[in-house]
Amino acid sequence: MYKTGEKIIYGSTGVCTVEGVTTLDGEEDERLYYALNPMYQAGMIYTPVDSKVFMRPVITRTQALALIDAIPDTQVSVYHSSITRELEEHYNTYLKSHDCAALLELTRSIHTKRRLAAKRNRKFGAVDERYLKRAEDLLYGELAVALRVERNQVPSYINRRLKTEVF
């Protein structure tokens, strides 16, 4: 069970702070619920402790730095498909992994795709844009917590650390 004050990843919401473990008023089965406070969204989430929704602790600072330091050694491949459903399925595979390395790969891939489109004077797709925003929100949110910086500072933090423009 997660402890009060712990930062966790909760499904597609991203980083949440565990505010406590409680039972819900009016519930007769005394089921335990996490009270989760999303860091980058308004509201409170109450989810059963034994929920099937994906949950895991936020990566550590050491893991975040290792992930960033490995960027220069990784290849970026761009996925193209004129079929929207295929493109969405491809992107969703990365998002549903809830893995920072996969989100980083996806983010870099879509940024590369955007640069190629601009270079060829082509329009950047709305699906690509939507999934880039979702991937960045999840990735930058978790890295911000791990690195103890503001979420909007994550791209510049990475660029400074690697002394090159990644994002």
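1. Basis of the model. The structure is a predicted model, in which local features need pLDDT of at least 70 and side-chain atom pairs count only at pLDDT 80 or more, while totals for chains, interfaces and linings use all residues. Residues are numbered from 1 along each chain as its sequence is written, and side-chain values use heavy atoms, with hydrogens and water left out.

2. Secondary structure. The protein has five helices and five strands, where helices (H or I, at least four residues) and strands (E, at least two) are DSSP runs numbered from the N terminus. Read from the N terminus, the order of the elements is β-β-β-β-β-α-α-α-α-α.

3. Dimensions and contacts. Along the principal axes, the C-alpha atoms fill a box of roughly 60 × 35 × 25 Å. Taking a contact as heavy atoms within 4.5 Å, one finds that, of the contacts between residues at least 6 apart in sequence, 53% join residues at least 24 apart.

4. Burial and surface. Of the 167 residues, 43% count as buried, a label that means under 20% relative accessible area, with exposed meaning over 50% and partly exposed lying in between (1.4 Å probe, protein chains only). The protein exposes about 9900 Å², of which carbon and sulfur atoms supply 48%; these areas come from the Shrake-Rupley method with a 1.4 Å probe.

5. Charges. The mean positions of the 24 positive and 22 negative charges lie 10 Å apart. Here Lys and Arg count as positive and Asp and Glu as negative, whereas His and the chain ends are not counted; each charge is placed at NZ of Lys, CZ of Arg, CG of Asp or CD of Glu.

6. Helix H1. In H1 (residues 61-69), the buried residues are Ala64, Leu65, Leu67 and Ile68. Viewed down the axis of H1, these residues fall within an arc of 160 degrees, so they line one face of the helix, the arc being that of the directions from the helix axis to the C-beta atoms. The buried residues of H1 pack against helix H3 (100-119), helix H4 (126-147) and helix H5 (154-162).

7. The largest core. A nonpolar core is a set of buried Ala, Val, Leu, Ile, Met, Phe, Trp, Tyr and Cys residues joined through side-chain atoms within 4.5 Å. The largest one has 38 residues, and Leu143 and Ile158 are those with the most contacts inside it. The elements that give two or more residues to this core are H1, helix H2 (84-95), H3, H4 and H5, and H4 gives the most, with 12 residues.

8. When residues up to four places away in sequence are not counted, Leu143 touches Ile59, Ala64, Leu67, Arg148, Val154 and Ile158.

9. Helix H5. The buried residues of H5 are Val154, Pro155, Tyr157, Ile158, Asn159 and Leu162, and they pack against H1 and H4.

10. Positive phi angles. Which values of phi and accessibility does histidine 98 have? Although it is not a glycine, histidine 98 has a positive phi of about 55 degrees; it sits in the loop between H2 and H3 and counts as buried at 15% relative accessibility. Lysine 163, also not a glycine, has a positive phi of about 55 degrees, but it is found in the segment after H5 and is exposed, with a relative accessible area of 75%.
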